Amino acid sequence: MAAPLLEQLSESLGSPEPAIRLILSILIGYPFAVVYRSFLFNQTPTVIHLFHTFSGLALAAFNFGSQLYHSVVCVLVQFLMLRLMGRTVTAILCSFTFQMLYLLAGYYYTATEEYDIKWTMPHCVLTLKLIGLAFDYYDGGKEPSKLSAEQKESALRSVPSLLEVCGFSYFYGGFLVGPQFTLRSYQRLVARELTDCPGKVPNSVVPAMKRFALGFLCLVIYAIFSPHYPDSYYLTDEYEAQPFWYRCVFILLWGKIILYKYVSCWVIAEGVCILTGLGYNGVVDGKHQWNACANMKVWLFETTPLFGGTISSFNINTNAWAARHVFKRLKFLGNKTLSHVATLFFLSIWHGLHSGYILCFSMEFFIITVERQAQALVRDSPVLTKLANSALYPLIYVVQQFIHWLFMGYPLVAFSIFSYDKWLKVNPEVTVLLVPSFTSL
């Protein structure tokens, strides 16, 4: 019965059925959270873990059918590695190698020429969770004095149970699209510590509904405008025949619109986490904070004229995970630039095996470097500093935004259409303009 209804809904909305299933699954997190708050909040950890595990598995089955076994295999193998290898570097290396190779094999065997919603999508989220779990368990065996503040917060002092790992892995608020969170945070949720009222259900309905409303607004914007800016248009003769300025403006507008599909999913999913209490982040200036699971800073995303500002506002928890478990763990290299490059390379292959991902994250590194040099130039020049703070700033801001989103959009073209023969064809003149800028670094 569900399949025909989904087909009809897909046809009426003009969206692929897998996308409809994904959105519905994210939204179903809200009634799941209500059930947890109303009936399970004061239950034993075993009951809560079972609820989170089976609700997440149900969502996996709804979206991917029998292919949910991929996640089950990886969760079980990760648990066995923790149990059998203990707090060792070997456990970390084996966890990292197994989880990444499994993910990359999934990318290889399911690859197509287009972006598809398939089991590898939530699996990439799960991969980071399970690798992070190995790191946190390893850190739990160290002396507290040797850990950073964030490592102390996430370190696991005892080996988690299988049911605990399953509940953490399949928690409906983060299983499909994130956000990333630690097992320690999940344990605090189950222990009823993540609430503004100790021992009671958190007063998080209003902040959760605010995030839901904002996420839904972003989803509506994407649904209205994305049909006018399809990825496929880049490969048409009509686009190729357009003048250079038109193609640049199209890339700029397309890049802004295309990101709303990620923004909407993340913000709506964040609302689920807030509703359960997982989003609770303590008290700042006398106000309870609910941003522990925030994957987007929407206001910064909308207003920043800087490439670095957009990166800081986008996919926050994944970037924080990469900084904590890759960039900072490469401190032994003694070179921040090398650590930065290695982190971006990891993120590119974590997204997939297509060359477009490599280009996107390579350009991120170069554009950020150029932007920092430009900012330093302005700071060191009294004339430019005075101009930047003058009455002309609104005009400068508009120019900054144009350049910012053009340079954001072009890497996203490669990110979205994957193969080099496609992204190189899209706007060769822009490539010619960018390469001299990068080679002059």
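Start by selecting Phe-216, which is partly exposed, with a relative accessible area of 43% (buried means under 20%, exposed over 50%, partly exposed in between, with a 1.4 Å probe and protein chains only). A word on the ground rules: this is a predicted model, where local features need pLDDT of at least 70, side-chain atom pairs count only at pLDDT 80 or more, and totals for chains, interfaces and linings use all residues. Residues are numbered from 1 along each chain as its sequence is written, and side-chain values use heavy atoms, leaving out hydrogens and water.

**Aromatic pairs**

Rings of Phe, Tyr and Trp (its six-membered ring) pair if their centres lie within 6.5 Å; planes under 30 degrees apart are stacked, over 60 edge-to-face, and the rest tilted. Searching the whole structure gives 36 aromatic pairs. Select Phe-96 with Phe-346: this pair is tilted, at 5.6 Å centre to centre and 35 degrees between the planes. Phe-96 belongs to helix 5 (residues 89-110) and Phe-346 to helix 17 (residues 336-351), so the pair links parts of the chain 250 residues apart (helices are DSSP runs of H or I, at least four residues; strands are runs of E, at least two; both are numbered from the N terminus). Phe-96 is partly exposed at 28% relative accessibility, while Phe-346 is buried at 5%.

**A cluster and two lysines**

Next, select Phe-32, Phe-51, Phe-168, Phe-171, Tyr-172, Phe-181 and Tyr-186, which form one aromatic cluster. Then jump to Lys-261, lying over the face of Tyr-115 at 5.5 Å from the ring centre.

**Into the core**

Which residues have the most contacts inside the largest nonpolar core? They are Tyr-172 and Val-177, in a core of 111 residues (buried Ala, Val, Leu, Ile, Met, Phe, Trp, Tyr and Cys joined through side-chain atoms within 4.5 Å). Helix 13 (residues 260-276) gives the most to this core, with eleven residues. Leaving aside neighbours within four places in sequence, Tyr-172 is in contact (heavy atoms within 4.5 Å) with residues including Phe-32, Phe-51, His-52 and Val-272.

Move to Leu-176, in the loop between helix 8 (162-170) and helix 9 (183-190). Leu-176 is buried, at 3% relative accessibility. His-123 is 53 residues away in sequence, yet its C-alpha is 8.0 Å from that of Leu-176.

**Cysteines**

How many disulfides are there? The count is zero, taking a disulfide as a pair of cysteine sulfur atoms within 2.5 Å. For Cys-94, the nearest cysteine sulfur, that of Cys-74, is 14 Å away. The sulfur of Cys-124 is 12 Å from its closest cysteine sulfur, also in Cys-74, too far for a bond. Cys-124 is buried, with a relative accessible area of 14%.

Conventions. A charge sits over a ring if NZ of Lys or CZ of Arg is within 6 Å of the ring centre and within 35 degrees of the ring normal.
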